[in-house]
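Me: I would like to go through this model with you and ask, term by term, what each label rests on.

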Amino acid sequence: MQHSFITMAEGSNEDQDPRSEMDTDLRCAFEELLANGDDYGLFRLTRFYRDKLEEAIEEEVESISWQLKEQKLFSEQEHVKVVEKGNQVHSSKLLLTLVMEKGSSARRVMWESFLKTNLRLPKLEKVLKEIQELRTDPEDYMKIIHGFTGAPSELKDIQQKHKEALRKETEELKMNMIQAKEAVKIFQLVDRYAKLTVISSIRDWKLVEHELLARGQEHEEWREKQLQTDVDIIQTDKLFCSSFCQSEHRSGSSAAVSGVPGIGKTTMVQKIVHDWATDKIYHQFQFVFSFKFRELNDINCRVNLRELILIHYPYFGTLLKEVWKNPEQILFIFDGLDEYKFKINFADNRRNTEPKHMCTDPECWCEVSDIVYALIQRKLLPGCSVLLTSRPTALHLLESAEISIWAEILGFAHEERREYFNRFFKDQTVAAAVFKHVEENQILYTMSFNPSYCWILGQTLGPFFIKKGRNLQRIPKTITELYSYYIYNILKNHTCKLEEPRDILLRIGEMAFAGVSEKNIMFRNGDLIKYDLKPSHFLSGFVMELLEKDDSVQNVVYAFTHLTIQEFVAALARFLTADRGDIWKLLKEAHKEEDGRYELFLRFVVGLSSRSCQPLEEFLGPFPVETSHEVIDWIKREVDKRFENTGSRAAKRSLLNMFHYLFESQNLPLAQSTVGSVKMLKLGGLQMNPIDCAVLANVVGLCETINDLDLQNCSIQSDGLWWLRPGLHKCVVLRLWNNKLGDSGVKLLSAALKERTCKIQELHLGANDLTVSCTEDLASALSENRSLLVLELNNNKLGDSGMKNLSVVLRKPGCKIRKLSLKANGLSASCVEDLSSALCINQSLTALSLGSNKLGDAGVKQLPKDLWNMEELELDDNNLSDCCTKDLASTVSTYQSLRALNLSRNELGDSGMKTLSAALRKPGQNLEELRLWTVGLSASCAHDVASVLSKSCSLTLLDIGGNELGDVGMKLLCEGLRNSKIRKLQLWKNDLSDSCTDDLFDALCVVQSLQILNLKSNNFTDQSVSTFRKLIQHCRNLKRIDLSENKFSSAGQDQLLSLRRCRSGMNVIV
């Protein structure tokens, strides 16, 4: 391949418009590449980037296919097949397949077509930039990429031996089988490995929740996000591709792959090692060395990298010195950072300065943590690559590490879950029945994104559908029931060698509880001795099903098959052995912890108080009734306490946890007595997942009426709303602002609005990504609804067409909506005619908010006159000028019921104010609130504003902040204030100074009605402190004065603040 395929013209326009076409410099550079490159080079380039190209061109498949057809490289039939509607992914794959089959001409036309696209395709540009940025010799680069360079002759034998050893080590998967006679069943890795979704990003690890409490659907949202620019799906054989690399280093990369427990990190590592050993992937690496951190825990002495490798791979002997010569051909894998007991602090600079920690040579003797640190930070064998896996909870340790590739395993999407159960059960009828049950239960479905949970679900639910005559009514619905049956099946099938399963289980449970309390998931022989567990117990399949025994090189480590199993066994042991009063103390202390360690444990404890766990009594004896009663009493008391305080986020989370406990208890009388009479649920600002919504729906279902359900800013989305839908019609006020409900969410709400018994009077749907598409459903629902009085749709994208659809409903005689808010919805003058005609007919609408749109002067001209019932009108931020004030004044003067008018953030100016004030001074005007902040007023119009104040008998609120009245204007305004009944006066940011304070004092001493005064962001100094002190003392009704962001000294501020004590309820802000 010619040199031009890699070394390309440089330069990029970083300030380009993101909506424009491809960067000009990038286009020119690639045109040069295509002009100078040969066909074979283009073939290799296409083959290597094929996966990325398939994803990158999905949106432009039709255009590319058309150009290939125009060049007679695609037939009409092939073109039709490629652009067939329905599946972009399939279309792009087919296009690439045909191009590769048809040869050089097709490949060249395809690459040329990339440069002709009118759309920005960010992922395509990413590929082109990656090729552009490569600086190495193209021949060497392509050889490294495709593995054409072999190991040195003296290392070929040891390389083959190493690959053979790794192949044997990784070719099998061991799985515990609770239904089969054998405790462990062995499968071939290639037969059982399930492909996982891995993305080139990591969600905020500082906000990681317990994996079962986290949103199971989250990975599906990230899957959709791959169509955008910031997230890519990574094939595991492409982890070390430079397009995913965030480092400037050209050789050697460190990749961190995150994933919650059971998601498949270790199995993924096993598959990577197996595929490398069988020559399927990573040909650029001549040697792969894989380690588990849980094994490295046993090395508690100083060691060097050579010895570390020889411990695990002794057959290398003296040949390692030859291996070190080409570090860029080595990949180190470290699995399970979260399991490592020695903390690796990448921010600790001592590792670079203190000799005992410095590790720059494979022969350096140091701690294992120093070796891992040095490899990742490129201090040891610079140029080598490192792959690290970890739970999200340990990722903070890597914040200062030289990690160039971040990735996360998200687990199964919907169809992959179905496929898992299809492969789990030989009988596809059983597989379909189990999946259907999981799919219909949000709690179980949310769990099933995780392969480990799928395995637990398959093991536990399978018997209910396999054995005829089993009571399907008893199929687990809660997680406590699920794990109860899971343990029951283990005890039933694997206790033949144990005389006392209860005694052994309780001892294991005590150890499990200690682990939950100390956040420990790994147990050693010392732990077994402490809890009187003997190695002989592990001859029983029962114990082997609970604890996995990991025979590492030097020591034995035990871990529960999943963290949730550890938590359930811990809860079971505590529930069965608690003395009277102890369970109260346990629940109280565990509930205090706010780091989430006991959340699931507590759900299990409460769930065990339910009679639904009765099957376990067959092996464990009767469950103590006294303990169940104590748990129930605790819940009653705690729920009452939580309802009294929902002010903080922690308090709201605590209340929501109580709802989870009630759900787990499956105790209907208990739930009815504690939440059945609830009238108000305030959970706004609390991030809620679909499980939370399912549990909340259970609470709402027990109530006859909810006066106020506040779920603002809870991120429930339409899938969470789906679980809430049966009880939505019971709410009087329903607050759903900022929940990303989308148009699909409105469909669900529309069904609730159509309910004959619907009680919804206020519906808040602001900031929910709504578009015109949802307005037909909403209009249809509103035409049937007879309860809704307030509808808030602010900050959406309904547009003029959406407004027109809603106007149809407003015209209907049965419409009872009194307040309609459509702020920031992309409305223009085009929709005002439809709105106006509806307003002329509508007899109920009294408040209309159209702020932050673009109605303009033309829109104001179309507003109807003589609306006798209009009380509130908001037209702020609508591109209005003084040209429309004559029409506006004419319109407003006919609104005899108008109480509040907001024209803020428009360019009305002094002339506009003069025209408007004439209308506001007319007899019969009853305006109470006038907002004119930031409308371009100066001292020239102050007299007009003052005349409105003095003539109005009703005006109680005036907001003219953000203008430029100045001291002269303030003096004129004070004349009007003396004769006003103003209660709230906003004069912030008006260029006022000490010169006007005496006038202000004189005027406000007369106005004894004033309660709130805002003088923020002006130019007052300590010279005015005495005047303001007198003002506060004399104005007996003044409750709040804001003097912040002025020019007072600290001493002046202290003098003003001291006046807070002058009377009860006085609030002085400086």
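Me: Why does Leu863 count as buried?

Reply: This is a predicted model, and in it Leu863 has a relative accessibility of 6%. Since buried means under 20% relative accessible area, Leu863 counts as buried. Leu863 sits in the loop between helix 40 (856-861) and strand 18 (872-874), and, leaving out residues up to four places away in sequence, Leu863 touches Val832, Ser836, Leu875, Thr891 and Tyr895. The C-alpha atoms of Leu863 and Glu833 are separated by 7.7 Å, although these residues are 30 apart along the chain.

Me: How do you know which parts of the prediction to read with caution?

Reply: The protein averages a pLDDT of 84, and 86% of the residues score at least 70. Over residues 135-149, however, pLDDT stays under 50, and the model has 31 contacts beyond four places in sequence for them; over residues 214-229 pLDDT also stays under 50, with 51 such contacts in the model. Where pLDDT is low, the predicted coordinates should not be read in detail.

Me: Why is strand 6 described as largely enclosed by the rest of the structure?

Reply: Strand 6 (residues 330-335) is described in this way because 6 of its 6 residues are buried. Ile330, Phe332 and Phe334 point one way from strand 6, while Leu331, Ile333 and Asp335 point the other way, and all are buried. In a regular strand the side chains alternate between the two faces of the sheet.

Me: What makes strand 5 and strand 6 a pair?

Reply: Two strands pair if at least two bridges are found between them, and strand 5 and strand 6 have 6 bridges, in the parallel sense. Lys292 stands opposite Asp335 in strand 6. Strand 6 is also joined to strand 7 (residues 385-390) by 4 bridges, and these two strands run parallel; there, the partner of Phe332 in strand 7 is Val386.

Me: What makes the aromatic pair of Phe289 and Tyr313 tilted?

Reply: The two ring centres lie 5.9 Å apart, with 50 degrees between the planes. Pairing requires centres within 6.5 Å, and planes under 30 degrees apart count as stacked and those over 60 as edge-to-face, so an angle between these limits is called tilted. The pair links distant parts of the chain, with Phe289 in strand 5 (residues 287-292) and Tyr313 in the loop between helix 15 (305-312) and helix 16 (320-323), 24 residues apart. Phe289 and Tyr313 are both buried, and they belong to one aromatic cluster whose members include Phe291, Phe332 and Phe334.

Me: Why is the pair of Tyr420 and Phe421 called edge-to-face instead?

Reply: Tyr420 and Phe421 have 85 degrees between their planes and 5.8 Å from centre to centre, and planes over 60 degrees apart count as edge-to-face. Tyr420 is buried, with a relative accessible area of 14%, and Phe421 counts as buried at 0%.

Me: How do you know that Arg417 lies over the face of Tyr445?

Reply: Arg417 is at 4.2 Å from the ring centre of Tyr445, which can be set against a distance limit of 6 Å, with a further requirement of lying within 35 degrees of the ring normal. Arg574 likewise lies over the face of Phe513, at 4.0 Å from the ring centre.

Me: What makes the phi of Ala767 worth a remark?

Reply: Ala767 has a positive phi of about 55 degrees although it is not a glycine. Most residues other than glycine have a negative phi. Ala767 is found in the loop between strand 14 (762-764) and helix 37 (775-784). With a relative accessible area of 19%, Ala767 is buried, given that the cut-off is under 20%.

Me: Why is Ser1017 called partly exposed and not buried?

Reply: Ser1017 has a relative accessible area of 24%, and partly exposed covers values between the 20% limit for buried and the 50% limit for exposed, so Ser1017 is partly exposed. Ser1017 lies in the loop between strand 23 (1012-1014) and helix 46 (1025-1034), and its phi, near 60 degrees, is a positive value in a residue other than glycine.

Notes: Residues numbered from 1 in each chain as written. Predicted model: local features only at pLDDT ≥ 70, side-chain atom pairs only at ≥ 80, totals over all residues. Heavy atoms only, no water. pLDDT = per-residue confidence, 0-100. Contact = heavy atoms within 4.5 Å. Phe/Tyr/Trp six-rings, centres within 6.5 Å; stacked < 30°, edge-to-face > 60°. Buried < 20%, exposed > 50% of the residue type's maximum accessible area, 1.4 Å probe, protein only.
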